[in-house]
Each structure stands twice: as C-alpha cells, then as structure tokens.
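Here are a few exercises to work through with the model open. Try each one before you read its solution.

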Amino acid sequence: MRIAIVSDIHDNIWKLAAALERIQDADALICCGDLCSPFVVNRLGEGFAGPIHIVFGNNDGDRFRISLNARRFGQIMIHGELAELELGGKRIAVHHYDDVGRLIAASGRFDIVCYGHNHQCEVVREEGVLRINPGEIFGGLSGASTYVVFDTDSDQAARFEV
C-alpha cells in the first residue's frame, strides 16, 4: 500500500493541485493539518479518489465549515486533533504538532507517526518508529513544497518536491 502524506497547505491550491496530480497512484492520503480555508477540503475531495484522513492544525480556524465540506465527499474522514489508523498493516498516528508527534512516537504504540506544523520535511526512524513530517505544501516558509509517500510493502518513505 502506498500512502501519500501532506501537511501545511495554507490555502496554496496551486501547489496542492500539482501534488495531487503526482500522487494519483497512492492508495490513501493523510493530511497533517493547516488546510486553512474550508475550500481546500473541496480541492482534496475532488483531486483524490482514495481515502483521505485529515487532522486539524492550528490554522484551521473554521473547523465547522471544513467538517461540513468534508461531508460532501465519502472518502474524507476528519479525525479532530489525533488520528489513530491502521493502513497496510501499519499502526499510524497523525497529529499536527511536531513536538506532540515526537512524544507520541516515543510511546512506542505506533509503527509510524505523521505530523507537520514546523514546515520542515523530516523522515527519521528511531527505536523502531518511523516519524514523518512531510514538510509544507505551502512552500512559503521553507522555500520548498514537499510531500512524502510511504510504501507499506517496502517499509520505505520517499520525499518529493512539487
């Protein structure tokens, strides 16, 4: 199973569209928060047919309308602030904040922990737990629009730039 992981879109629908074009062969999509505006949910739902798992970030101010828009798409699941998933035989936790993500990873309860917030792409395996920060789709803070694709069969993660 191939899982695409994005974070910190911050309304950059142009970079999001480019990323969605490139991940069409993924089986699932994880978004680690900071979509920002409710219309970004529409772009996700229209641009990716597989399951989409979303957690809220600190810049998702209109959570009501984000959730309302998500109801239009059967493949979108809004998990609140923490998602605990099992995909491709892997136990996965998703949270927006990098510091909280590191604490969740240290618990050892999950195979993979995904997070964002600091806009810095990071793929690190420590003590059997793979931590993935896909960086930012936005591209305005780090200077790069990045995402990660994790393959559950090979147990490998790869970073891509839009």
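**Exercise 1.** Does lysine 90 count as buried or exposed, and at what relative accessibility?

*Solution.* First, some ground rules: this is a predicted model, where local features need pLDDT of at least 70, side-chain atom pairs count only at pLDDT 80 or more, and totals for chains, interfaces and linings use all residues. Residues are numbered from 1 along each chain as its sequence is written, and side-chain values use heavy atoms, with hydrogens and water left out.

Step 1: recall the cut-offs (buried is under 20% relative accessible area, exposed over 50%, partly exposed in between, with a 1.4 Å probe and protein chains only). Step 2: lysine 90 has 18% relative accessibility, so it counts as buried. Step 3: find lysine 90 in strand S6, residues 90-95; strands (E, at least two residues) and helices (H or I, at least four) are DSSP runs numbered from the N terminus.

**Exercise 2.** Which side chain makes a polar contact with the side chain of lysine 90?

*Solution.* Step 1: a polar contact is a pair of N or O atoms within 3.5 Å; within protein, one must be able to donate a hydrogen and the other to accept it, and residues adjacent in sequence count only if both atoms are side-chain atoms. Step 2: the partner is aspartate 155, at 3.2 Å. Step 3: look at what else lysine 90 touches (heavy atoms within 4.5 Å). Not counting residues up to four places away in sequence, its contacts include Leu85, Phe150 and Thr152.

**Exercise 3.** At what angle do helix H2 and helix H3 pack?

*Solution.* Step 1: H2 (residues 39-47) and H3 (residues 63-70) pack at about 25°, their axes 8 Å apart. The axes are lines fitted to C-alpha atoms, for helices over the stretch in contact, and angles run from 0 to 180 degrees between N-to-C directions. Step 2: angles under 35 degrees count as roughly parallel, over 145 as roughly antiparallel, 65 to 115 as roughly perpendicular and the rest as oblique. H2 and H3 are therefore roughly parallel. Step 3: pick out the residues that meet, which are Phe39, Val41 and Asn42 from H2, and Ile66, Asn69 and Ala70 from H3.

**Exercise 4.** Where does aspartate 8 lie?

*Solution.* Step 1: go to the loop between strand S1 (2-6) and helix H1 (13-22), and there it is. Step 2: aspartate 8 has a relative accessible area of 0%, so it is buried. Step 3: check its phi, which is near 50°, a positive value in a residue other than glycine. Aspartate 11 is partly exposed at 25%, and its phi is near 65°.
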